[in-house]
Amino acid sequence: MYSYHSSSPEGWDEGDLEECCLETLPRKISADDAYFKSIAPVLSAFFAFAQEKKLLKNALILAQKVQAISKQIEKNASNPKTWGMAKSLVMAAKESGVDVTNQDELHQFITRYNERILSQPKAVPKSEPKAEPVHVAQKIGRNEPCSCGSGKKYKKCCGR
């Protein structure tokens, strides 16, 4: 919630929790099924702790909500239709046996991926968006100046 929605736990409500768990995490996080199966139990434990320490007013409601959507979290995370472009690429690389933590292997995979896309016939059905080549760019740190030239930190500008 903090990284993708700039929201600290005190500001969370059921809608924010649902959006993050059912849309943002499955779209962006390239992890295995065990990761997504652990989200509801870990968040429930966090909310129980927050309730016990009286850190969050709505901790009990949030714990119940995350338990109620736990199966949907897992389902969305394993459904390629809910994935973003970057996750789709990483998951395809993993499926091909690429060690995605190895920059050279990943770069080679992206090069082959782009070559395949560029070698496909130009005629693309109108109902299906044209696949664009993926470019490997140097990652911008959250606290570095934004590359758009606004003068703001990346996390406060285009990083949102």
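**Helix packing, bends and core contacts**

Glu 18 is partly exposed, with a relative accessible area of 31%. Here buried means under 20% relative accessible area, exposed means over 50%, and partly exposed lies in between (1.4 Å probe, protein chains only). The model is predicted: local features need pLDDT of at least 70, side-chain atom pairs count only at pLDDT 80 or more, and totals for chains, interfaces and linings use all residues. Residues are numbered from 1 along each chain as its sequence is written, and side-chain values use heavy atoms, with hydrogens and water left out.

Glu 18 takes part in a salt bridge. Its side chain meets that of Lys 65 at 2.7 Å, N to O. Lys 65 belongs to helix 4 and Glu 18 to helix 2, so the pair ties together parts that are 47 residues apart in sequence. The count comes to one salt bridge, by the rule that a side-chain nitrogen of Lys or Arg lies within 4 Å of a carboxyl oxygen of Asp or Glu.

Helix 2 covers residues 14–28. Helices are DSSP runs (H or I, at least four residues), numbered from the N terminus. At 1.5 Å a residue, its 15 residues should span 21 Å, and the end C-alpha atoms are 20 Å apart, which agrees. The expected span is 1.5 Å times one less than the number of residues. Asp 13 caps the N-terminal end of helix 2, with a side-chain oxygen 3.0 Å from the backbone nitrogen of Gly 15. Further along, helix 2 bends by about 35° at Cys 20. The bend is the angle between axes fitted to the seven residues ending at a residue and the seven starting there. Cys 20 is also buried, as are Leu 17, Cys 21, Leu 22, Thr 24, Leu 25 and Pro 26. What covers the buried residues of helix 2 includes helix 1 (2–5), helix 3 (33–52), helix 4 (59–68), helix 5 (70–78) and helix 6 (85–95).

Helix 3 has 20 residues, which at 1.5 Å each should span 28 Å; its end C-alpha atoms are 30 Å apart, which agrees. A kink of about 35° lies at Ile 39, shortly before Pro 41. Ile 39 is buried, together with Phe 36, Ala 40, Leu 43, Ser 44, Phe 47 and Ala 50. These buried residues pack against helix 2, helix 4, helix 5 and helix 6.

The largest nonpolar core has 23 residues, of which Cys 21, Phe 36, Phe 47 and Ile 73 touch the most other members. A nonpolar core is a set of buried Ala, Val, Leu, Ile, Met, Phe, Trp, Tyr and Cys residues joined through side-chain atoms within 4.5 Å. Helix 2, helix 3, helix 4 and helix 5 each supply at least two residues of this core. Its largest share, six residues, comes from helix 3. Another core, of six residues, lies apart from it and includes Leu 89, Ala 93, Phe 109 and Ile 110. Phe 47 touches (heavy atoms within 4.5 Å) Trp 12, Leu 17, Leu 56, Ala 59, Leu 62 and Ala 63, not counting residues up to four places away in sequence.

Two loop residues have a positive phi. Most residues other than glycine have a negative phi. Ser 6, not a glycine, has a positive phi of about 50°. It lies in the loop between helix 1 and helix 2. Ser 6 is partly exposed, with a relative accessible area of 41%. Lys 54 has a positive phi near 55° and is found in the loop between helix 3 and helix 4. Lys 54 is exposed, with a relative accessible area of 73%.

How values were computed: A polar contact is a pair of N or O atoms within 3.5 Å; within protein, one must be able to donate a hydrogen and the other to accept it, and residues adjacent in sequence count only if both atoms are side-chain atoms.
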